[in-house]
Amino acid sequence: MAKYQADSERYTKMNYRRTGNSGLLLPELSLGLWHNFGKNDDFENSRNLLKCAFDNGITHFDLANNYGPPPGSAEKNFGKILKKNFKNYRDELIISSKAGYGMWPGPYGDWGSKKFLVSSLDQSLQRMKLDYVDIFYHHRPDYDTPLEETMGTLDLMVRQGKALYVGISNYQPERAAAAFKILKDLGTPCLIHQPRYSLFDRWIEDGLLDLLGNSGVGAICFSPLAQGMLTDKYINGLPRDSRAIKDSPFLNSTQVLEMLPKINALHKIAKSRNQTLAQMAISWILKDDRITSVLIGASKTEQILDSVKAIKNTHFSEEELTNINSVLN
Ligand SMILES: NC(=O)c1ccc[n+]([C@@H]2O[C@H](COP(=O)([O-])OP(=O)(O)OC[C@H]3O[C@@H](n4cnc5c(N)ncnc54)[C@H](OP(=O)(O)O)[C@@H]3O)[C@@H](O)[C@H]2O)c1
């Protein structure tokens, strides 16, 4: 197999945004490895997804300890591909991992204790064969562990050189604000928050986005396509190779069928903007400059090629926004 040489035009194809008040720029689209990189997925396809993303200027790959299945296998596969194909590009990549969900049995394999987070990051680094991750996240809030302990552990990881920056994910505004204060006082400001956000799930408009904007913390939004529902793929039925038909515990055909009238109406608006529905769903998130990056998933390279075109039109007229809102309400 010929050695992978990244497209020399890659940085002309993507826009990069500053992450909050930090020095770090992230691509407007980032690629997540939650699905399609596990032990049972097609390894060559996983490799091609990473190459396609990087060739299009996507410099940020997002992982977590538990991505697979089985948990850990996405990091393992990513480590193999990194070693084989991206060795010369490590300094051009932003690689993140997380811990916060159940990973191994017993009292030390879940949530937000120092014991769990330190062990989990060490395991992630081993699986990916890395000396450090660029961003390490606490994956979900833990109300039973003192926030000082969890945030103190993130600060420790940076001081140990195992993570360059830290972030939090799935934290509600009040808990997030408290976390930002602790991290700032420790001298390791929170780089970024990773919440779910899409046309179908707008909870962050209720306080979190304002907090992030006012605190100088970046935002990277996951499931921007509502796991594929906000695309053209379900309009003419349920494709056999889609997430809703495969055995994903996170998306099923009933959910898709319930949303179909809205999907069809949004599809029409996207068409009037000369966009696919996926492109419009991503552009709609990027219209807000408090958002740093949109974190997509993909099972096929064609999906990445479709989605990256979203960056070409992130402007919405008042009429378009009104029409979108009336579909959603
Ligand atoms: N922090 C957290 O708690 C958390 C939680 C969830 C996810 N995440 C992160 O966010 C990333 C993205 O999440 P997600 O996979 O739910 O994102 P998503 O972008 O909403 O959904 C991705 C799925 O949509 C379909 N798709 C993507 N682009 C398409 C296109 N252009 N046309 C048609 N279909 C398209 C594919 O579905 P098919 O597979 O059906 O082809 C793909 O697997 C994850 O990989 C992970 O890194 C974080």
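These questions and answers walk through a predicted model, from its barrel to its core and its ligand shell.

Q: What makes β3 and β10 a strand pair?
A: Two strands pair if at least two bridges are found between them. β3 (residues 29–32) and β10 (residues 293–296) have 3 bridges, in the parallel sense. That meets the cut-off, so they pair. Within this pairing, L29 stands opposite V294, and S30 stands opposite L295.

Q: How do you know that β3 also pairs with β4?
A: Apply the cut-off of at least two bridges again. β3 and β4 (residues 60–62) are joined by 2 bridges and run parallel. The count reaches the cut-off, so this is a pair. Here L31 stands opposite F61 in β4.

Q: Why is the crossover from β3 to β4 called right-handed?
A: The chain leaves β3, passes through helix α1 (residues 43–55) and reaches β4. View it with the strands pointing away from you: a right-handed path over the helix runs clockwise. This β-α-β crossover is right-handed, so its path is clockwise in that view.

Q: Which strands form the closed barrel, and in what order?
A: The order is β3-β4-β5-β6-β7-β8-β9-β10, which makes 8 strands with parallel pairing. From one strand to the next, the twist averages 30°. The β3 to β10 pairing, with its 3 bridges, is part of the picture.

Q: What does it take to call L29, S30, L31 and G32 buried?
A: A buried residue has 20 or more other C-beta atoms within 10 Å of its own. These β3 residues are all buried, so each one reaches that count. L29 and L31 point one way from the strand, and S30 and G32 point the other way.

Q: What makes I135 stand out in the largest nonpolar core?
A: The core has 88 residues, and I135 is one of those that touch the most other members. Nonpolar side chains tend to be buried together in soluble globular proteins.

Q: How do you know that I135 is in contact with V166?
A: Contact needs C-beta atoms within 7 Å. V166 is among the contacts of I135 beyond four places in sequence, so the pair meets that limit. Others include I94, Y165 and L191.

Q: Which residues come nearest to the ligand?
A: Of the 29 residues around the ligand, G32, W34, F222, G228 and G297 come nearest. β10 and α9 (301–308) each give two or more residues to this shell. The largest share, 3 residues, comes from α9.

Key
Residues numbered from 1 in each chain as written. Predicted model: local features only at pLDDT ≥ 70, side-chain atom pairs only at ≥ 80, totals over all residues. Core = buried A, V, L, I, M, F, W, Y, C linked by C-beta atoms within 7 Å. Buried ≥ 20, exposed ≤ 12 C-beta atoms within 10 Å, placed from the backbone. Contact = placed C-beta atoms within 7 Å. Helix = DSSP H or I, 4+ residues; strand = E, 2+ residues; numbered from the N terminus. Axes fitted to C-alpha atoms, helices over the stretch in contact; angles between N-to-C directions. Near = placed C-beta within 6 Å.
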